Amino acid sequence: MPAPETLPYHLPRFPDDEASARAGAMAERLARRRTCRDFSPEPVPRAVIEAAIAAAGSAPSGANRQPWHFAVVASPEKKRAIREAAEAEERRFYGADGDNPKASAEWLAALADLGTDADKPFLETAPWLIVVFAQRKGGIAEDGEAQNYYVTESVGIACGMLLTTLHEAGLATLTHTPSPMGFLREVCGRPEWEKPLMIVVAGHPAPGARVPAKAQVKKPLTQIASWL
Ligand code: IYR
């Protein structure tokens, strides 16, 4: 096989103390991201969402297949359809209609500090819902025939970059994962080989929005890293 074509690679080179300062400043900004469940209906320009999706689309991916699709929902009708289907699933999850909850008691206890329930008004209130699909096949072939690799990892990284960029733009975000969420494929008109992974809700926080205090508590570096 001939050697693949290559390009020169340059990065800005910062003095060590500036590199630490830049990383620290980014860490501080990112630590201020909170999952928001109380959104304002205030509009957000489409250009902001486009730029954030472009950032997400620059994520590394298995064999550079870029196995993601972002279905961007702003229409009130589609948002209502998503809310209704998501809440129906969530009512089963939480046992909100008096049936046995699908979630285990342990899971429900783990969520108690977050104060979540089956009501998801933000799915209608927030100006943008970005429904993220993972393409199990596709990428090169539009007919969905080509195999993709490390799909969940790749799309997970892209979602992280999407959230990071939306936060940098000053927007509140929420990752919502109704389960099961096959209905999203139908609402967004996506093919069966795409798996809905999450809804990223984006917009401004409602005036007076509050977030659970518990979610602020992050493990210290000593607990999340080891140095070998
Ligand atoms: N999907 C449900 C439950 C839920 C699960 C986890 I794990 C969370 O961190 C938060 C919520 C809901 O959206 O309420």
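The largest pocket of this predicted model has a volume of about 400 Å³, where a pocket is an open set of points on a 1 Å grid over the protein atoms alone, at which a 1.4 Å probe fits, with protein on both sides within 12 Å along at least five of seven lines, and a volume is the space filled by probe spheres set on the points, which are joined across faces, edges and corners. Local features need pLDDT of at least 70 and side-chain atom pairs count only at pLDDT 80 or more, whereas totals for chains, interfaces and linings use all residues of the predicted model. Residues are numbered from 1 along each chain as its sequence is written, and side-chain values use heavy atoms, with hydrogens and water left out.

The lining of the largest pocket comprises 20 residues, with Glu-90, Tyr-94, Leu-111, His-176 and Thr-177 lying nearest the centre; lining residues are those with an atom within 4 Å of a point. At least two lining residues are supplied by each of α3 (76-94), α4 (105-111) and β3 (172-176), helices being DSSP runs of H or I with at least four residues and strands runs of E with at least two, numbered from the N terminus. Ten residues of this lining are nonpolar, six are polar and four are charged, in a scheme that counts Ala, Val, Leu, Ile, Met, Phe, Trp, Tyr, Cys and Pro as nonpolar, Asp, Glu, Lys and Arg as charged, and the others, Gly among them, as polar.

The second largest pocket has a volume of about 160 Å³, and the residues that line it include Arg-32, Arg-33, Arg-34, His-167 and Pro-205. Its lining divides into six nonpolar, three polar and three charged residues.

Side chains of opposite charge can pair when their charged atoms come close. Nine salt bridges are counted in the model, each defined as a side-chain nitrogen of Lys or Arg within 4 Å of a carboxyl oxygen of Asp or Glu. One of them joins the side chains of Arg-29 and Glu-168, at 2.7 Å from N to O. Arg-29 belongs to helix α1 (residues 16-31) and Glu-168 to helix α6 (residues 151-168), so the pair ties together parts that are 139 residues apart in sequence. Arg-29 is partly exposed, at 37% relative accessibility, and Glu-168 is likewise partly exposed, at 38%, where buried means under 20% relative accessible area, exposed over 50% and partly exposed in between, for a 1.4 Å probe and protein chains only. A salt bridge of 2.7 Å, N to O, is also formed by Glu-50 and Arg-46, which lie four residues apart in helix α2 (residues 46-56) and are thus separated by about one helical turn. Glu-50 is partly exposed at 44%, whereas Arg-46 is exposed at 56%.

Strand β2 (residues 128-135) contains Phe-133, a buried residue with a relative accessible area of 0%. Eight of the eight residues of β2 are buried, with Trp-128, Ile-130, Val-132 and Ala-134 on one side and Leu-129, Val-131, Phe-133 and Gln-135 on the other. Strand β1 (residues 68-73) pairs with β2 in the antiparallel sense over six bridges, two strands being paired if DSSP finds at least two bridges between them; within this pairing, Val-73 has Leu-129 as its bridge partner in β2. Strand β4 (residues 194-203) also pairs with β2 in the antiparallel sense, over eight bridges, and Ile-199 in β4 is the bridge partner of Val-131.
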